[in-house]
Amino acid sequence: MTGDTSVRLFCLPFEGASAGVYLPWAEALGTSVVVTPVELPGRGRHPRTRPRGRLEPLLAEIIPYVARMRDRPFALYGHGFGALLAYEIAARLEWEYDAVAERLYVSGAGVPYRPAPERAVAQLPDAELLRRLGERGRIPPGALDPQRAPRVLPALRADLAVLESYRRDPRHVVHCPVTAMGGSDDRSVTGADLAGWRRCTRRSLRVDTVPGGHYFPLTARWELLDTFSRDLMRPRVRGPRTVGGGRPGVLTGSVPSAPEGGPGTGNKSCPVPPASPSWPTEVTV
């Protein structure tokens, strides 16, 4: 299609979750923001693979797929554990591919760091693990379901092991704007935690508060989609229209103007080809 201005939004799941939680976003946003969930080993469509408990092997599987799908300007979104992955992917795409994201969204997480030993929970017995996570309001959906827990808990432990062993490379300072999002009732992530992302970007940081607890992406979907629409949608050749059956305000047409540091500032090394209607909406690894 001539004059395509779409942006691909890669979405990384929170700890223990499948990227399938983001699939409903694709229909709601339409074709102007191409929602692309990034599935991780050991969950979703890859239940027979083993979850990766170390960051480097996990990124070695994810980054080549994200790079291959980078057919147009792109942004990244990650929640909880996914925020760490989105940040690392954004930084490494800059280092290895000279590709700068339009915007990095990190939600439900401060800047990742190695916690004190007494706060490490990845190796605890199931009951104690869930009790400690419950104190923080961070028991992922399905972890208490007897039928789903055997699939959720191994992925949860692997993701927590990555978080608990992580050390940020101070050279990984991205050159795209960052939006840090926190739930208004999330007692595990403070405003100061979100503000800490300031040291991870050479561009602007915006901090947004979203209604809900830690898992607000599941309960405040429209608030997030409105944010993506305002930030990432650019004028099309055709006039504006709303998504059929969608919530008013989520558009697939034009917006008055691009925000500071918004689309058009990054991904200079990647040309924008015509959109492909058959392009998949989910990355699997």
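Start by selecting Glu56. Its relative accessibility is 44%, so Glu56 counts as partly exposed. The model on your screen is predicted.

**Stop 1**

Is Arg92 buried or exposed? Its relative accessibility is 14%, and the cut-off for buried is under 20%, so Arg92 counts as buried.

Glu88 and Arg92 are both in helix α3, 4 residues apart, which is about one turn of the helix. Glu88 is buried as well, with a relative accessible area of 2%.

**Stop 2: a buried charge without a partner**

Stay in helix α3, which covers residues 81-97, and select Glu94. Which side chain of opposite charge is nearest to Glu94? It is Arg202, 7.3 Å away.

Next, show what surrounds Glu94. Leaving out residues up to four places away in sequence, Glu94 touches Ala99, Val100, Val173, Val174, His175 and Cys176.

**Stop 3**

Move on to Asp98. This residue lies in the loop between α3 and β4. At 56% relative accessibility, Asp98 counts as exposed.

**Stop 4: the nonpolar cores**

Select Ile62, Leu76, Leu85, Ile89, Leu93, Leu104 and Trp197. These residues have the most contacts inside the largest nonpolar core, which has 41 residues. Which elements each supply at least two residues of this core? They are β1 (7-12), α2 (55-68), β3 (74-79), α3, β4 (104-107) and β5 (178-183). The largest share comes from α3, with 10 residues.

Zoom in on Trp197. Among the residues it touches, not counting those up to four places away in sequence, are Ala83, Tyr87, Val106, Pro112, Val178 and Leu205. Then look for the second core, which is separate and has 22 residues. Leu9, Trp25, Ala75 and Val210 are included in it.

**Stop 5: the sheet**

Switch to a cartoon view. What is the order of the 6 strands in the open sheet? Read them off as β2-β1-β3-β4-β5-β6, with parallel pairing. At the edges are β2 (33-37) and β6 (205-210), each of which pairs on one side only. From one strand to the next, the twist averages 20°.

Take β1 and look both ways. Toward β3, the two parallel strands are joined by 5 bridges. Phe10 stands opposite Leu76 in β3. Toward β2, 5 bridges again join strands that run parallel. Here Leu9 has Val35 in β2 as its bridge partner.

Now select β2 alone. 5 of its 5 residues are buried, so this strand is largely enclosed by the rest of the structure.

**Stop 6**

Select helix α8, residues 221-232. This helix lies across β1, β2, β3, β4, β5 and β6, and runs at about 155° to β6.

Finish with the charged side chains. How many salt bridges does the structure hold? The count is 15. Select Arg72 and Asp71 to see one of them: their closest N and O atoms are 2.8 Å apart. Both Arg72 and Asp71 are buried.

Notes:
Residues numbered from 1 in each chain as written. Predicted model: local features only at pLDDT ≥ 70, side-chain atom pairs only at ≥ 80, totals over all residues. Heavy atoms only, no water. Buried < 20%, exposed > 50% of the residue type's maximum accessible area, 1.4 Å probe, protein only. Lys, Arg positive; Asp, Glu negative; His and termini not counted. Salt bridge = Lys/Arg side-chain N within 4 Å of Asp/Glu carboxyl O. Contact = heavy atoms within 4.5 Å. Core = buried A, V, L, I, M, F, W, Y, C linked by side-chain atoms within 4.5 Å. Pairing = 2+ DSSP bridges. Axes fitted to C-alpha atoms, helices over the stretch in contact; angles between N-to-C directions.
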